[in-house]
Amino acid sequence: MIAEEVYDLVLDDLFVQLHQLVPGSSVFLKIEGLNPAGSVKLKTAVALVEEAEASGCRFPRTRLIESTSGNLGVALAMVCAAKGYSLTCVTDPNAGPQTVRLMEALGAEVVVVTARDGNGGYLQSRIDHIQERLSREPDLHWLNQYASPAGPRAHRQRTGRSILRELGHVDYVFVGAGTTGTLMGCAQFFRRHSPGTRIIAVDSTGSVTFGGPAGRRHIPGLGTSRRPEILTETMVDEVVMIAETEAVDMCRTLARERGLLLGGSTGTVLSAVQNTAKKIPDGSVVVAISPDFGDRYLESVYDDSWVAERWPGHL
């Protein structure tokens, strides 16, 4: 493959077999981290920037801004660097230091918001920061992944389509619910092209996305402290909530037993697959989406001190 731009290097056809998670069925982990941005968010980033271009934003005068827990910020920074656009990423203390350094290395301004919102998270605080800046900086444009249809559209056209194209028949798709762009895009695709496929949304305990009680969360990627506007719950067949400690255990087990160094979101999704296994009929084809790898979690999920500080006695 020879690409014209770095953000065109998206590999959408890579799967790893993890059949042991659901005995009697076939389980395929869709690997999304093998692109230059290192996560599924590269597809979202390209779509959001293209939407801004199509909306009439005049570059380079227009400066882009977005709220991010980390991976989207890295992807947006890569796209904007290649296009020569100015970008500000608004993140919070849960973003790993390596991720922050990546955004900065790619030329983005990074703002770390430390005030928690009313639900104990940072999302609304990040958005409040953006809205305050928009009110006084007329050349600033908010990409707004939480409300833009561009994100779901990218995953409807690419992620969902690639799953069915590669596997032919799919009974279950497990998708982590962060901003819900990947979830909604995949759900939209399968509702139209494979309505018998069950869409399972996976969320972290403490997230309010699906109406659960708010709680303190530590692993970036999944969960929100504010419901995304793009979410349509009727598109989802089931929601599975997973404690962050289960995600940590799954990540560490697969690293040691399969050589798979996976991100916290992937650990959460695979924990949901394992917890749901008894309800899945024999002979089913199950797909789980892995948003990223674990190299950005070495100082968190894979660090004994970090885990012990947040969940004393867990290890």
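Modeller: A residue is called buried when its relative accessible area is under 20%, exposed when that area is over 50%, and partly exposed in between. Asparagine 144, with a relative accessible area of 16%, is therefore buried. The model discussed here is a predicted one.

Asparagine 144 is placed in the loop between strand S6 and helix H5, the latter spanning 150–167. Its backbone deserves attention as well: the phi angle is near 55 degrees, a positive value in a residue other than glycine. Threonine 180 is not a glycine either, yet its phi is positive, at about 75 degrees. This residue is found in the loop that runs from strand S7 (172–176) to helix H6 (181–193). Because its relative accessibility is 2%, threonine 180 also counts as buried.

Between phenylalanine 59 and proline 60 the peptide bond is cis, with omega near 10 degrees. Proline 60 belongs to the loop between H1 and S3.

Arginine 63 and glutamate 137 form a salt bridge in which the closest N and O atoms are 3.0 Å apart. Since arginine 63 lies in strand S3 (residues 63–67) and glutamate 137 in the loop between helix H4 (123–136) and strand S6 (140–142), this pair ties together parts that are 74 residues apart in sequence. The two partners fall into separate accessibility classes: arginine 63 is partly exposed, with a relative accessible area of 26%, whereas glutamate 137, at 12%, counts as buried.

Glutamate 132 pairs with arginine 136, and their closest N and O atoms are 2.7 Å apart. Both residues lie in helix H4, four residues apart, which is about one turn of the helix. Glutamate 132 is partly exposed, at 38% relative accessibility. Through shared partners, salt bridges join Arg63, Glu109, Glu132, Arg133, Arg136 and Glu137 into one network.

Over the whole structure, a search finds 20 salt bridges. One of them joins the side chains of glutamate 53 and lysine 83, with a distance of 3.1 Å from N to O. Here, too, distant parts of the chain are linked: glutamate 53 is in helix H1 (residues 41–54) and lysine 83 in helix H2, and the two are 30 residues apart. Glutamate 53 is partly exposed, with a relative accessible area of 27%, and lysine 83 is likewise partly exposed, with 26%.

Helix H2 also has a helix beside it. Two packed helices are described by the angle between their axes and the distance between the axes. The axes of H2 (residues 71–83) and H3 (residues 97–105) come within 8 Å and cross at roughly 15 degrees. Angles under 35 degrees count as roughly parallel, so H2 is roughly parallel to H3. The crossing of H2 and H3 is left-handed.

Methionine 1 lies in the segment before strand S1 (15–17) and counts as exposed, because its relative accessibility is 74%. Together, Met1, Leu11 and Leu34 make a nonpolar surface patch of about 330 Å².

Methods: Residues are numbered from 1 along each chain as its sequence is written. This is a predicted model: local features need pLDDT of at least 70, side-chain atom pairs count only at pLDDT 80 or more; totals for chains, interfaces and linings use all residues. Side-chain values use heavy atoms; hydrogens and water are left out. Patches are made of residues with over 30% relative accessible area and no salt bridge: like charges are joined within 9 Å, nonpolar side chains (Val, Leu, Ile, Met, Phe, Trp, Tyr) within 5 Å. Accessible areas come from the Shrake-Rupley method with a 1.4 Å probe; for residues, only the protein chains shown count as cover. A salt bridge is a side-chain nitrogen of Lys or Arg within 4 Å of a carboxyl oxygen of Asp or Glu. Buried means under 20% relative accessible area, exposed over 50%, partly exposed in between (1.4 Å probe, protein chains only). Axes are lines fitted to C-alpha atoms, for helices over the stretch in contact, and angles run from 0 to 180 degrees between N-to-C directions. Angles under 35 degrees count as roughly parallel, over 145 as roughly antiparallel, 65 to 115 as roughly perpendicular and the rest as oblique. A crossing is left-handed if the near helix is turned anticlockwise from the far one by less than a right angle, and right-handed if clockwise.
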